[in-house]
Amino acid sequence: MAQSLSQVYVHIVFSTKHRHPLIDDNISEELWAYIGGICNGLECQPFRVGGHDDHVHICCQLSRKITQMKLLEEVKKASSKWIKTKGRRYSNFYWQDGYGIFSVNPHETDRVVEYIKNQREHHRKRTFQREFLAFLKKYKVEYDERYVWD
């Protein structure tokens, strides 16, 4: 085959360091847009970026030109550096070291996008920790909870 073709959709989830609630209404929409721009710049078309006070969700198409690890490294590094320029409140902003990245059936991207859109409502009933552990269970990811949180 002469061409390299790819169609990989992913749902990415990661939190602020120690899940500090630093993503407030003053910064959230601008942060989501900024992260979407980073994804676009890496040829990973974002369908939706959103989250809540202490974490972010990204639904995007993974470019065939970048590894998962490199995408996450660039998104976290650039967005953390950017948010620190937004005021004193954010001067000690950091993302957690780890992340979750899960494959998405192309026919279910709309469902993931809707899930991300409703984060504020969703987290009135469930913490980030419970949400993330539910993802690990759903995707049958083996883990040791001692090493999931930082």
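Read along the sequence, the protein chain follows the pattern β-α-β-β-α-β-α-α-α. This secondary structure amounts to five helices and four strands, where helices (H or I, at least four residues) and strands (E, at least two) are DSSP runs numbered from the N terminus. The model is predicted: local features need pLDDT of at least 70, side-chain atom pairs count only at pLDDT 80 or more, and totals for chains, interfaces and linings use all residues. Residues are numbered from 1 along each chain as its sequence is written, and side-chain values use heavy atoms, with hydrogens and water left out.

The overall dimensions come next. Along its principal axes, the C-alpha trace of the protein chain spans about 55 × 35 × 30 Å. For 150 residues, a compact globule would have a radius of gyration near 15 Å, and the 15 Å of the protein chain agrees with this; the radius is taken over C-alpha atoms, and the globule rule is 2.2 Å times the number of residues to the power 0.38. The accessible surface of the protein chain comes to about 9,000 Å², of which 48% belongs to carbon and sulfur atoms. Such areas come from the Shrake-Rupley method with a 1.4 Å probe, and for residues only the protein chains shown count as cover. Of the 150 residues, 44% count as buried, where buried means under 20% relative accessible area, exposed over 50%, and partly exposed in between (1.4 Å probe, protein chains only). Among contacts with a separation of 6 or more, residues 24 or more positions apart account for 69%; contact means heavy atoms within 4.5 Å.

The four strands form an open sheet in the order 2-3-1-4, with antiparallel pairing; two strands pair if DSSP finds at least two bridges between them. Strand 2 (46–52) and strand 4 (100–104) stand at the edges with a single partner strand each, so one side of each is left without a neighbour in the sheet. From one strand to the next, the twist averages 15°. Strands of a sheet pair through backbone hydrogen bonds, either parallel or antiparallel.

Strand 3 (residues 55–62) is joined to strand 2 by six bridges, and the two run antiparallel. A hairpin of two residues connects strand 2 to strand 3. Within this pair, Arg 48 stands opposite Cys 59, and Gly 50 has His 57 as its bridge partner. Strand 3 is also joined to strand 1, by eight bridges, again in an antiparallel arrangement; here Ile 12 has Ile 58 as its bridge partner. Eight of the eight residues of strand 3 are buried, so this strand is largely enclosed by the rest of the structure.

Axes are lines fitted to C-alpha atoms, for helices over the stretch in contact, and angles run from 0 to 180 degrees between N-to-C directions. Helix 2 (residues 68–83) lies across strand 1 (8–15), strand 3 and strand 4, and runs at about 45° to strand 1. Met 69 lies in helix 2 and is exposed, with a relative accessible area of 58%. Between Met 69 and Asn 92 there are 23 Å in space, C-alpha to C-alpha, and the two are 23 residues apart in sequence.

The cysteines require a separate remark. A disulfide is a covalent bond between the sulfur atoms of two cysteines. Under the rule that a pair of cysteine sulfur atoms must lie within 2.5 Å, the count comes to zero disulfides. The sulfur of Cys 44 is 5.2 Å from the closest cysteine sulfur, in Cys 60, which is too far for a bond. Cys 59 is likewise in no disulfide, and the nearest cysteine sulfur, that of Cys 60, is 7.0 Å away. Cys 44 counts as buried at 0% relative accessibility, and Cys 59 is buried with a relative accessible area of 0%.

Two loop residues complete the account. Most residues other than glycine have a negative phi, and most peptide bonds are trans. His 18, in the loop between strand 1 and helix 1, has a positive phi near 55° and is partly exposed at 48% relative accessible area. Glu 43, in the loop between helix 1 and strand 2, has a positive phi of about 60° although it is not a glycine; Glu 43 counts as partly exposed at 48% relative accessibility.
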